[in-house]
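Look at the chain below before reading on.

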Amino acid sequence: MIEIVRGEHDTGPPKPSEHLENLKHDFLASIVVFLVAVPLSLGVAFAAGAPLLSGLISAVVGGLVASLLGGSPLQVSGPSAALTVVLADTIATHGWPVTCAITVAAGLLQILFGLTRLARAALAVSPAIVHGLLAGIGVTLVLGQLHVVLGGSARGSALANVLALPKQIAAHHDQAVLIGVVTLGVLLAWPRLPQAVRRVPAPLAAVALATGLSLVAGMSLPRVDLPAGLPALHVVPRLPDGGWGSFATAALTIALIAGLESLLSAVSVDKLRGGRRTDLDRELIGQGAANVAAGALGGFPVTGVIVRSMTNYEAGARTRTSAILHCVWILAACLLLTGVLRLIPLAALAALLVYVGTKLVNLNGLKEVRRHGDLPVYVVTLAGAVAVNLLTGVAAGILLALALMLRRMIFSGIHVEQDGDRHRVVIEGALTFLSVPRLTRVLAGVPPHAEVTLELLVDYLDHAAFDCLRGWQQAHAGPVTVDEIGHPWFGRGRAGEPTVRRSVAARVVPRWLAPWSQWQAEHVVLPAQRTASSLLCRGASEFQRRTAPLLRETWDGLAHGQQPHTLFITCGDARIVPNLITTSGPGDLFTVRNIGNLVPPSDGTDSSVGAAIEYAVGVLGVAEIVVCGHSSCGAMKALLGQAPAGLDQLGSWLRHGQATLRRRSREAPLLLDGERPAAEADQLALQNVVQQLETLRGYPVVAAALERGALRLTGMYFDVGAAQVSLLDDAARGFVPAGALEH
């Protein structure tokens, strides 16, 4: 079930030289991560009120287990600032031994989540909730540790910390304040220093300088209190004597927050490194196993930490060896450098956590949330996390996100447009029972005898909304025309066959793509209105109201000239719509249409097509000329002797098709998608496209452009019945479906 995920560059068993190269990068990266992890591990444990050594235990044991079993090769795990708030409350309620048991229980829950493949469900959580949760943790952390930096102690809640802060600022400040300010100053100034200096991690530099200052100045202030070594802690997890509900809630909270941060950290690293994605279920199982191991040995809960993981990646790590080695260095520091670690002032760790807390309030993430319209979700999550607790903040954010989603899904835009005595009621979106009160209010504002067009652009219409519309239509004294765009929700209901689910709604061709005669016949009520001129007028009106606003900016850029990329020569047949079958728009095609998509010779016998060719190639500089034929072409039938009688002009024009007939008699038949067309006229249409391309080469302006490599000629064929565009392929001796050729 757990699939081994190799490094991003793995393409098979690594060669010995590749092993050595990876080890070199991983070794250097592990040292950088180790230097960042030690002060952060101590600081996180200090902020939560846990034994300081517990932070180092989780960095060693939890980090090692997560690195070996997790799904993200570059993820670095350890104690995280995101858990300090909930851990502080848990420790105050249950004590440290029971908290260790809670950590073990949280790990077992994470393993269960991973085995049941629930990891990807975390990705469904709105980014606004995630950013709001992290910001809430950051604000709570800053408010508490700021008191420590100022020489005091953190209060029991964020509100109490806020209320006590003015008094703390005005109080007498001792040596701890100086150490805290120096630590913060170094952290803030470090990114502005030269690159060579910044090779030393900022947390290490800040804590080291603050510690050195405290020693040189002979300051007497609280420092890190560590036992002689790891075996001296002797913490065994203990189950509570009661309060199992609180125990379970704490375990679930830690499991969810730790799992969410771990998965988000893994996804963030994936976005940077590219390559194979992380197995998120395996990552969650690895994190759970790490928490079981850390909790059993008296360690702090473990998560995949974004700061350390990003540092690992940016330091050049290539495989999970880097994360494993960083655990070895931390263990060595615990055993060999305990005396050095005891020199670190607690005020320096508090200042480091204030800095980390401010980083959790991600301003770039906040801007992104605001751009997507989810700022209320962010604010509610943050406020709930700070004012009450983390789970309350997340729950409030999820409820608000669901409410906003529901509002967006059921939103219907309803407004009235007036043109003289005529009124157009436009309804857009999903029209449900929730919109009926507003719909009724808008319809009541329409004058009783006005001529009304009810324009429905709805993607869902429920029973209540249908009854409201039908009742108003029947009660209105003036004429009401229902103009339903898209699927006929209202029309199907009136016919006694209402559509009750979106999934069974038939796909409808947009009106601007469907033939006018098809949709206008459904919406023009009076037969007398169904004239050619009225169809064109209604089409122009439809364009002006719906399409023009969408393309106004495009046409504005074309107002002073054109720069088409293609000269498109095709038949005048009404079934051929060049821009539609080529997915092109205004300004793309310089189009020439005539009977049979014929190209007269360049001898000047017909200057109309020749002038268009010279202008397109010589003046506009098009890069391509396309000749497009089609199936069931009347011109090809006429060339085969089926021309209508008495059309002298048509007969005169079709003399330019004699070259196509001669080509047909001397050349082998052309194939269409590997087969010969059944209709003789369609066979001739294929030959006709090739012949017109040959004639084009006889134009001096075309020949010169081809010689320069500035132009290419393309043959195209459109099968009307199959709605299939095919392109000429010389290698296949015929035409193949568009997309089969690489251009």
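## A helix pair

A crossing is left-handed if the near helix is turned anticlockwise from the far one by less than a right angle, and right-handed if clockwise. Helices (H or I, at least four residues) and strands (E, at least two) are DSSP runs, numbered from the N terminus. In this predicted model, α5 passes α16 in a right-handed crossing.

The axes of α5 (residues 127-149) and α16 (residues 375-387) come within 8 Å and cross at roughly 35°. Axes are lines fitted to C-alpha atoms, for helices over the stretch in contact, with angles from 0 to 180 degrees between N-to-C directions. Contact means heavy atoms within 4.5 Å. Residues of α5 that meet α16 include Ala128, Leu133 and Val139. On the α16 side, Tyr378 and Leu382 are among them.

## A seven-strand sheet

Seven strands form an open, mixed sheet in the order β8-β7-β9-β11-β12-β13-β10. Strands pair if DSSP finds at least two bridges between them. The edge strands, β8 (589-594) and β10 (671-672), each pair on one side only.

Strands β7 (residues 566-571) and β9 (residues 624-630) run parallel, joined by five bridges. Leu567 has Ile625 in β9 as its bridge partner. Helix α24 (residues 607-619) packs on the sheet and touches β7, β8 and β9.

## Confidence

pLDDT is the predictor's confidence in each residue, from 0 to 100. The chain's mean is 85, and 91% of its residues reach 70 or more. pLDDT stays under 50 over residues 1-11 and over residues 524-532. Where pLDDT is low, the predicted coordinates should not be read in detail.

## Ground rules

Residues are numbered from 1 along each chain as its sequence is written, and side-chain values use heavy atoms, without hydrogens and water. Local features need pLDDT of at least 70 and side-chain atom pairs 80 or more, while totals for chains, interfaces and linings use all residues.
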